[in-house]
Amino acid sequence: IYFSLLLKPQFGIENVPLITSYAACCLAETIEECTGHDVQIKWVNDVFVDGRKVSGILTEASFSAENMQLSHAVVGIGVNVMPPTHGFTQESDSIAGTLSTLGADEGDLRARLIAGTVNRFMEHYPEIPNKPHLADYRKRSLLTGKHVHVYEGNEQFEADVLDVNDDFTLLVRLQDGSERSLVSGDVHIPSSQLA
């Protein structure tokens, strides 16, 4: 499935990054409802089931050049429902997963995933600045408690993930004992910890 939500947020630019984490929680709840399996979120925008990535979410925003106010935002969601005809690439085979292998009824699974996610999203969408999904996002965090490899700009380092902060940055402890909040970057979990 690939689908997008076109939004015209009535909140400030500073809250746009919260849209992605909110969408991830809405999708996670829907997948659980449709498959019965526990769903986790890998900071900040990947959805995992049984240690495998089944979805990715991206949000892009547009601003008015005249007043630099938020014009609209687009949330793009992709979900692996069925395996590719020729299988996953060798690179993605070790991490990618599909929902069809989880015993879900495949007949209307796509429709139920889209409808459930959109309905959940719209239910509390105006409240995003209040972070109604923070507790759920923390509960689903795949990274918390894991030792990870972090790629942040030109910097690479190992760290232990402590928590998701109130602003949805990732709190990590470096090997020297210092703590850092990651605003962006790529975080990899050794495959031995994904099971």
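In the predicted model, aspartate 163 is partly exposed, with a relative accessibility of 30%. The side chain of aspartate 163 forms a salt bridge with that of arginine 138, at an N to O distance of 3.8 Å. Arginine 138 belongs to helix 4 and aspartate 163 to strand 7 (residues 155-164), so this pair ties together parts that lie 25 residues apart in sequence. Arginine 138 is likewise partly exposed, its relative accessible area being 28%.

Helix 4 (residues 134-140) also holds a pair whose members are 4 residues apart, aspartate 136 and arginine 140, separated by about one helical turn. The side chains of aspartate 136 and arginine 140 meet in a salt bridge of 3.0 Å, N to O. Both aspartate 136 and arginine 140 are buried. An α-helix has 3.6 residues a turn, so residues three or four places apart point the same way. Through shared partners, salt bridges join Glu32, Asp136, Lys139 and Arg140 into one network.

In total, 12 salt bridges are counted. One of them links arginine 120 and glutamate 29, whose side chains meet at 3.0 Å, N to O. Because arginine 120 is placed in helix 3 (residues 109-124) and glutamate 29 in helix 1 (residues 17-35), the pair ties together parts that are 91 residues apart in sequence. Arginine 120 counts as buried at 19% relative accessibility, whereas glutamate 29 is partly exposed, with a relative accessible area of 33%.

The geometry of helix 3 was examined next. At 1.5 Å a residue, the 16 residues of helix 3 should span 22 Å, and the distance of 23 Å between its end C-alpha atoms agrees with this. Leu109, Leu113, Gly116, Thr117, Arg120 and Phe121 are buried in this helix. Viewed down the axis of helix 3, the buried residues fall within an arc of 125°, and therefore line one face of the helix. Asn119 and Glu123, on the other side of helix 3, are exposed. The buried residues of helix 3 pack against strand 1 (2-7), helix 1 and strand 5 (70-79).

Aromatic contacts were also considered. A pair of aromatic rings is described by the distance of the centres and the angle of the planes. The model contains 4 aromatic pairs. Among them, phenylalanine 11 and tyrosine 125 are arranged edge-to-face, with 6.0 Å from centre to centre and 70° between the planes. Phenylalanine 11 lies in the loop between strand 1 and helix 1, and tyrosine 125 in the loop between helix 3 and helix 4, so that the pair ties together parts 114 residues apart in sequence. Phenylalanine 11 is buried, at 12% relative accessibility, and tyrosine 125 is buried with a relative accessible area of 11%. The rings of phenylalanine 121 and tyrosine 125 have centres 5.5 Å apart and planes at 25°, so this pair is stacked. Phenylalanine 121 counts as buried, at 1% relative accessibility. Ring pairs link Phe11, Tyr22, Phe121 and Tyr125 into a cluster.

Proline 190 is found in the segment after strand 10 (186-188). With a relative accessible area of 23%, proline 190 is partly exposed. Apart from its neighbours within four places in sequence, proline 190 is in contact with His147, Val148 and His149. The C-alpha atoms of proline 190 and arginine 173 are 17 Å apart in space, and the two residues are 17 residues apart in sequence.

Technical notes
Residues are numbered from 1 along each chain as its sequence is written. This is a predicted model: local features need pLDDT of at least 70, side-chain atom pairs count only at pLDDT 80 or more; totals for chains, interfaces and linings use all residues. Side-chain values use heavy atoms; hydrogens and water are left out. A salt bridge is a side-chain nitrogen of Lys or Arg within 4 Å of a carboxyl oxygen of Asp or Glu. Helices (H or I, at least four residues) and strands (E, at least two) are DSSP runs, numbered from the N terminus. Buried means under 20% relative accessible area, exposed over 50%, partly exposed in between (1.4 Å probe, protein chains only). Contact means heavy atoms within 4.5 Å. The expected span of a helix is 1.5 Å times one less than its number of residues. The arc is that of the directions from the helix axis to the C-beta atoms. Rings of Phe, Tyr and Trp (its six-membered ring) pair if their centres lie within 6.5 Å; planes under 30 degrees apart count as stacked, over 60 as edge-to-face and the rest as tilted.
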